[in-house]
Protein chains: 2
Amino acid sequence: MPAALDAKEKARIIEQLFVVFRDHGYEGASLATFSQATGLGKSSLYHHFPRGKEQMAEAVLEQGKAFMQNVIASTADAPDPLEARISKIVRAFDKLYEGGQAYCLLGRLACDGIGPDARRLVGEILTLWLNAIAELAHDSGMSEADAHHFAEDWFARLQGALILRAANGDTKPFKRTLNMLVELAKDAPPQ
Amino acid sequence: MPAALDAKEKARIIEQLFVVFRDHGYEGASLATFSQATGLGKSSLYHHFPRGKEQMAEAVLEQGKAFMQNVIASTADAPDPLEARISKIVRAFDKLYEGGQAYCLLGRLACDGIGPDARRLVGEILTLWLNAIAELAHDSGMSEADAHHFAEDWFARLQGALILRAANGDTKPFKRTLNMLVELAKDAPPQ
DNA sequence: GTCTATAATAGGATAGAC
DNA sequence: GTCTATCCTATTATAGAC
């Protein structure tokens with residue numbers, strides 16, 4: 001069953017492209033860095049992504065969307081206690097951003113000169129993200145409107161905390177931002 | 001007195017370089033875009049900035065530091081009522097970020113592959129920024145420690161609000177972030 | 001599916017005329 | 001102080017062998 005192997009290998013390649021885009025942004029990422037990161041020659045990359053860099057960015061965002069759907073949104077939706085759902089989501093974000101040391105792919109590509117398909121994916125990932133956090137906030141007792149504001153402000157603070165870390169090396173604001181979700185559970189009404 | 005004219009003209013050029021770096025980031029900004037934005041040929045730009053793009057970024061950050069020092073920090077330090085200082089600073093940030101429609105130069109360059117001198121300037125601008133906001137927060141009645149946290153979290157939220165706008169076009173989170181400073185004045189003890 | 005070789009273009013930078 | 005012309009390198013992309 002070579003098809004399964006191919007899919008696994010492709011996911012591995014995309015994971016390495018993800019790191020390059022995340023660390024260098026769209027314009028800063030070059031075919032040479034992709035080649036080095038994946039161990040593949042430029043021509044091999046074009047074999048997998050005929051439309052080049054743009055298609056690579058779309059593939060990486062597709063994988064990011066799958067993460068947001070399958071890990072974050074589905075956990076927020078799960079029939080588990082609020083505290084357990086929040087704890088799982090906090091751990092997932094902490095791992096994704098390597099304790100605040102890593103950039104956010106979504107935040108970087110959102111500000112870069114990506115194509116329309118990639119931009120649509122950015123919007124879809126953002127919607128999944130905001131809806132998941134708003135659901136947690138709503139379950140903690142907030143009104144729908146307050147929960148939506150909370151989700152937007154929490155997203156912003158997390159994005160900004162990563163920028164702050166890039167500027168001064170301090171990961172504590174990132175940790176405080178994650179902790180805002182934990183605090184959410186403490187305000188929750190009994191379920 | 002041609003020297004004064006030169007300084008004025010140079011400030012105009014730097015202002016246009018600022019817009020290019022802000023909108024495209026460090027790697028996304030090219031000599032061609034600088035040339036178009038300033039109306040100068042590449043060689044003329046090298047006349048003003050012999051070390052090229054790197055020196056241009058440093059000049060732009062120097063101007064940003066002057067803004068943070070002369071507008072934000074000096075207003076926070078002024079012997080005016082807290083509400084008046086906050087109002088002036090909010091208006092300055094609202095104008096700088098064009099109501100939330102523009103990117104932040106500091107936030108973008110902090111995540112890009114800039115040189116050590118530019119990176120040092122990023123750190124200095126950030127310190128001025130955080131100290132100014134912490135001073136406002138402290139004057140509103142917070143402890144020094146709380147005020148410092150407030151400044152970091154406010155910076156993060158503002159940076160993230162600009163990313164959010166880039167992703168979905170909504171400037172309301174930016175407006176809410178500015179409003180956090182206005183709310184600060186309402187908590188203030190009588191002066 | 002991967003490679004070497006190569007093209008075509010854009011980007012950064014310099015020389016020298018005016 | 002600005003321009004044209006030029007150079008070198010990096011970057012994107014393709015052709016064709018294996």
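1. Leu109(A) touches Phe21(A), Tyr26(A), Ala57(A), Leu61(A), Ile114(A), Ala118(A) and Val122(A), leaving out residues up to four places away in sequence. Two residues are in contact if their C-beta atoms, placed from the backbone, lie within 7 Å. Leu109(A) and Leu109(B) have the most contacts inside the largest nonpolar core, which has 118 residues. Such a core is a set of buried Ala, Val, Leu, Ile, Met, Phe, Trp, Tyr and Cys residues joined through C-beta atoms within 7 Å. A residue is buried if 20 or more other C-beta atoms lie within 10 Å of its own, exposed if 12 or fewer, and partly exposed in between, with C-beta atoms placed from the backbone. In soluble globular proteins, nonpolar side chains tend to be buried together.

2. A note on the model and its numbering. This is a predicted model, in which local features need pLDDT of at least 70 and side-chain atom pairs count only at pLDDT 80 or more, while totals for chains, interfaces and linings use all residues. Residues are numbered from 1 along each chain as its sequence is written, and chains are lettered from A and ligands numbered from 1 in the order in which they are written.

3. Chain A has 9 helices and 0 strands. Helices (H or I, at least four residues) and strands (E, at least two) are DSSP runs, numbered from the N terminus. The radius of gyration of chain A is 18 Å, close to the 16 Å that the globule rule gives for 191 residues, so chain A is as compact as a globular protein of that length. That radius is taken over C-alpha atoms, and the globule rule is 2.2 Å times the number of residues to the power 0.38. The C-alpha trace of chain A spans about 60 × 45 × 25 Å along its principal axes. Of the 191 residues, 41% count as buried. Among contacts in chain A with a separation of 6 or more, 64% come from residues 24 or more positions apart.

4. How are the two chains related? A rotation of 180° with 0.0 Å of shift along its axis superposes chain A on chain B, with an RMSD of 0.0 Å. That is the relation of a two-fold axis. The superposition is by least squares on the C-alpha atoms of residues with pLDDT of at least 70 in both copies. The same surface serves both copies, as 100% of the contact residues of chain A recur in chain B.

5. Between the chains, 29 residues of chain A are in contact with 29 residues of chain B. On the side of chain A that touches chain B, the elements giving two or more residues are helices H1 (2–28), H6 (105–110), H7 (116–139), H8 (144–168) and H9 (172–186) of chain A. H8(A) gives the most, with 14 residues. This side divides into 14 nonpolar, 8 polar and 7 charged residues. Ala, Val, Leu, Ile, Met, Phe, Trp, Tyr, Cys and Pro count as nonpolar, Asp, Glu, Lys and Arg as charged, and the others, Gly among them, as polar.

6. Ile163(A) is found in helix H8 of chain A. Ile163(A) counts as buried because it has 27 C-beta neighbours inside 10 Å. Leaving aside neighbours within four places in sequence, Ile163(A) is in contact with Gly107(B), Ala110(B), Cys111(B) and Gln159(B).

7. The surface near DNA strand C divides into 4 nonpolar, 8 polar and 4 charged residues.

8. DNA strand D is surrounded by 15 residues, and the closest are Leu31(A), Gly52(A), Gly41(B), Ser43(B) and His47(B). Here the largest share, 4 residues, comes from H3(B). The surface near DNA strand D divides into 4 nonpolar, 7 polar and 4 charged residues.

9. One backbone detail. Glu98(A) has a positive phi of about 50° although it is not a glycine. Glu98(A) sits in the loop between helix H5 (82–96) and H6 of chain A. With 11 other C-beta atoms within 10 Å, Glu98(A) is exposed. In chain B, phi of Glu98(B) is also positive, near 50°.

Terms used
Near = placed C-beta within 6 Å.
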